[in-house]
There are 2 protein chains.
Amino acid sequence: MSIESAITELAPHFGDRLSQAESVREQHGHDEAHHRPRLPDAVIWPHSTEEVALVARTCNEHGCPIVPWGTGTSLEGHVIPVQGGISLDFTQMDKVLAVHSEDMDVVVQPGIQRIRLNEELRETGLFFPVDPGADASIGGMAATRASGTCAVRYGTMREAVLALEVVLADGRVIRTGSRARKSAAGYDLTKLFVGSEGTLGIITELTLRLHGVPEAVAAATCAFEAMEDAVNTVIETIQMGVPIARIELLDALSIKGFNGHAGYDMPELPTLFLEFQGSEAGVAEQSETVGVIAEEHRGRGFEWTTRPEERNRLWSARHNIFYAQQSLRPGAKGYVTDVCVPISRLAEAILETNEDLDASPLIAPLVGHVGDGNFHLALLIDPDDPAERSEAERVGARISERAIRLGGTVTGEHGVGLGKRKFMEAEHGEAWAVMGEIKRTLDPRGILNPGKIVPGN
Amino acid sequence: MSIESAITELAPHFGDRLSQAESVREQHGHDEAHHRPRLPDAVIWPHSTEEVALVARTCNEHGCPIVPWGTGTSLEGHVIPVQGGISLDFTQMDKVLAVHSEDMDVVVQPGIQRIRLNEELRETGLFFPVDPGADASIGGMAATRASGTCAVRYGTMREAVLALEVVLADGRVIRTGSRARKSAAGYDLTKLFVGSEGTLGIITELTLRLHGVPEAVAAATCAFEAMEDAVNTVIETIQMGVPIARIELLDALSIKGFNGHAGYDMPELPTLFLEFQGSEAGVAEQSETVGVIAEEHRGRGFEWTTRPEERNRLWSARHNIFYAQQSLRPGAKGYVTDVCVPISRLAEAILETNEDLDASPLIAPLVGHVGDGNFHLALLIDPDDPAERSEAERVGARISERAIRLGGTVTGEHGVGLGKRKFMEAEHGEAWAVMGEIKRTLDPRGILNPGKIVPGN
């Protein structure tokens, strides 16, 4: 069989860095969401671009699927090898290769995780701002075009990645982009590979844009009696052009999970988590402006989190919200939605979603990167109960279809993976077919993470 | 012949909006640079996406080249129909289709020019920040991934374009992206078409990101005795993270042209043109910070341009620098270079370039969007003198090769067109071949602006 022959050919090159042990394969057969697991036939831990190219060349010859693996924290089944094959685990390619402080960029291998990257940057006065909930790998974050709580200020992986090294399906190694801040030199291949979820090529090196650690930082929470007031506070803040660093919304149910999981005691009300960054004067100006807006919308006033340790505790708890939400129903899995709409439609999108949920038996806490118009519901289901699964699918589909109708997207940051592919035609129309044409050009044998993003395979 | 049969088939559909008159064809046979003209066989002025699709379908059947046309202000020969065919002139598709003030975006047709777009936005409190020297069309700016003086703060067309409608070579119409601020829904086709110079598809509609008109604006100039001091002032300003809106460098020769062309009387020294935007307090803080940096580098102090009319006059004159430079040698054409390097290499790139110029008989004023690491030389040549042409090519090649060696790009904002294609292999290596593969997939008959960007055709 083609997969077996690829593994047989690769085995002598990798020694104990190729494993077919059941436990190892099980580890690489699922991500953190509700999707049905499927095991790879083997797992390989490469150490170099050359080794990745060898795997690609060999697998391409034998028609053996390759699924790149970072930390397995994706939420749409991206890393599940639905057609078997090789899971290419990048945890041993996790180095910082070069820090260019003067140019505010860094060159890394794909396996490095975001928290360690920032630890390694600590002495430089620079930081990397993209912060999905999980401590994901940078390669995986680029592959899924991840964002997080700071995207409203600093952008997503789309803005953060300046250049890439990519191994193509046939083993060719290309470099895209450069360390220059802008370029008009041909097609933007960097942006094509960012968000391609391992279906167009395998990322083996990334050059990332960094930002200066701000002189002053201030964080606060602000509770509202009504969801609509919280949302309108966000909309006005964005429309005023306040360069807010973070503006996150948690509904009452999420706050309940947050309190229980992280040991807080906040009122169980829709609550904004805010962070202001800049000079001392800039932070004072921003927080005053937003304070006035919140007051006009009956916000209960800012609860300041002034000391750095308190702030870190708050945001670290916020990053664990997915686990906090799941704790609301022990044993449940979160079926997570991820829509993003133009900000003028955000209130409508959230309020209509709440009506859907009122009419559903499911518990579904909400959390949102609302400054971008992006919010998530975690529909808490027993993944083994087909009725709950299908109810989650029904509600999820309504939310996704609404986002498309409101001029938005079914996925703001989690990616397509297995879960969102069914909406691609509705969202993209004929452009989805064009994505398929590009895929077949770069991966004619369909070995790169088959079954994801594009039509067919 | 294939071109003739396409024109014959299209003629009845377009009436007097299809012209084969010599004078019209001559107008569409060149851009503003030194490249050798070549006339299209016909010019068509479409009024709708459907008409563009008809042209594409027909030309694809007959193998007739199509070159989209905005204002003809490109600088690398992009609009020259090197294989003849049809020049598709978008000047009659120039409407603002929708302004979404709450979402800070606008939907436009490709033919609208940047100055009129901003005039139409005046009442909204919003503006579109991308400002190349020419009053270019928005479609052309997207096609060449243009930028300008504000890119250091607001980004380039790469950041400005949220969504597109594109007619493909075979006449299919696709929509890419959405009005949501971020998305992880598949391949970023928007970014693939931005910068593709009409070689992958024909842009028929654009959704653009807008920004709020700042509360306070302050502009200044600052002269330096030595180029290196000016450049180091820029580098430190960027590294300090000052959110400066504009920071432009003109060398002594450019100032001379500027003075003569625009009626100023500035000292003929390397000079920075700066603009600060934000709140009153923010502008004061930024200008104080940059003032201290400039002083440390022996800047002569800020000459403030405080009244809006004075500011507009200054920036409008700055936008005409290409013409001002050409006035230094009446009858000459500017052979313009466009390299962009990591900012840490900017001083090196400029100083070594000056050594090249000292050793050359050519006059070549310098101007730069130096906050991005991007600068231009206008090598002023008599385009009919083969010796001067080849000297310009020699010096231009040295500058381009140096940029690649320093980790940069041969074109920061003008695009590839005819002039920079010869450097694509050196800059991109195997990735250039990948661009060609994508081109052949989307345009298998090679009718879309043939002879540009990719290998072959």
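Mentor: A residue is called buried if 20 or more other C-beta atoms, placed from the backbone, lie within 10 Å of its own, exposed if 12 or fewer do, and partly exposed in between. Helices (H or I, at least four residues) and strands (E, at least two) are DSSP runs numbered from the N terminus. This is a predicted model, in which local features need pLDDT of at least 70 and side-chain atom pairs count only at pLDDT 80 or more, while totals for chains, interfaces and linings use all residues. Residues are numbered from 1 along each chain as its sequence is written, and chains are lettered from A and ligands numbered from 1 in the order in which they are written.

Trainee: How many of the eight residues of β18(A) are buried?

Mentor: Asn374(A), His376(A), Ala378(A) and Leu380(A) point one way from the strand, whereas Phe375(A), Leu377(A), Leu379(A) and Ile381(A) point the other way, and all are buried. β18(A) is therefore mostly covered, and the number of its residues that are buried is eight of eight.

Trainee: Which residue stands opposite His376(A) of β18(A)?

Mentor: Strand β17 (residues 366-369) of chain A runs antiparallel to β18 (residues 374-381) of chain A, and four bridges join them; two strands count as paired if DSSP finds at least two bridges between them. In that hairpin, which has four residues between the strands, Gly373(A) takes a positive phi near 85 degrees, and His369(A) stands opposite Asn374(A). The residue opposite His376(A) is Val367(A).

Trainee: Which residue of β18(A) does Tyr335(A) stand opposite?

Mentor: β16(A) is also joined to β18(A) by four bridges, and these two strands run antiparallel. Tyr335(A) stands opposite Leu379(A).

Trainee: Which strands stand at the edges of the sheet?

Mentor: The sheet is open and has seven strands with antiparallel pairing, in the order β15-β12-β14-β13-β17-β18-β16 (chain A). Each edge strand has a single partner, so one side of it is left without a neighbour in the sheet, and the two are β15 (303-305) and β16 (333-336) of chain A.

Trainee: Where is Glu165(A) placed, and is it buried or exposed?

Mentor: Glu165(A) lies in strand β8 (residues 161-167) of chain A. Leaving aside neighbours within four places in sequence, Glu165(A) is in contact (C-beta atoms, placed from the backbone, within 7 Å) with Thr49(A), Val173(A), Arg175(A), Thr204(A) and Glu205(A). Because 22 other C-beta atoms lie within 10 Å, Glu165(A) is buried.

Trainee: What radius of gyration does chain A have?

Mentor: The radius is taken over C-alpha atoms, and the globule rule is 2.2 Å times the number of residues to the power 0.38. With 457 residues, a compact globule would have a value near 23 Å, and chain A agrees with this, having 22 Å.

Trainee: Which element of chain B gives the largest share of the side that touches chain A?

Mentor: In total, 68 residues of chain B are in contact with 68 residues of chain A. The elements that give two or more residues to this side of chain B are β9 (173-177), α8 (189-193), α11 (280-296), α16 (424-428) and α17 (430-442). The largest share, seven residues, comes from α17(B).

Trainee: What kind of axis relates the two copies?

Mentor: Superposed by least squares on the C-alpha atoms of residues with pLDDT of at least 70 in both, chain B can be laid on chain A with an RMSD of 0.0 Å by a turn of 180 degrees and a shift of 0.0 Å along the axis. The two copies are thus related as by a two-fold rotation axis.

Definitions and conventions: Contact = placed C-beta atoms within 7 Å.
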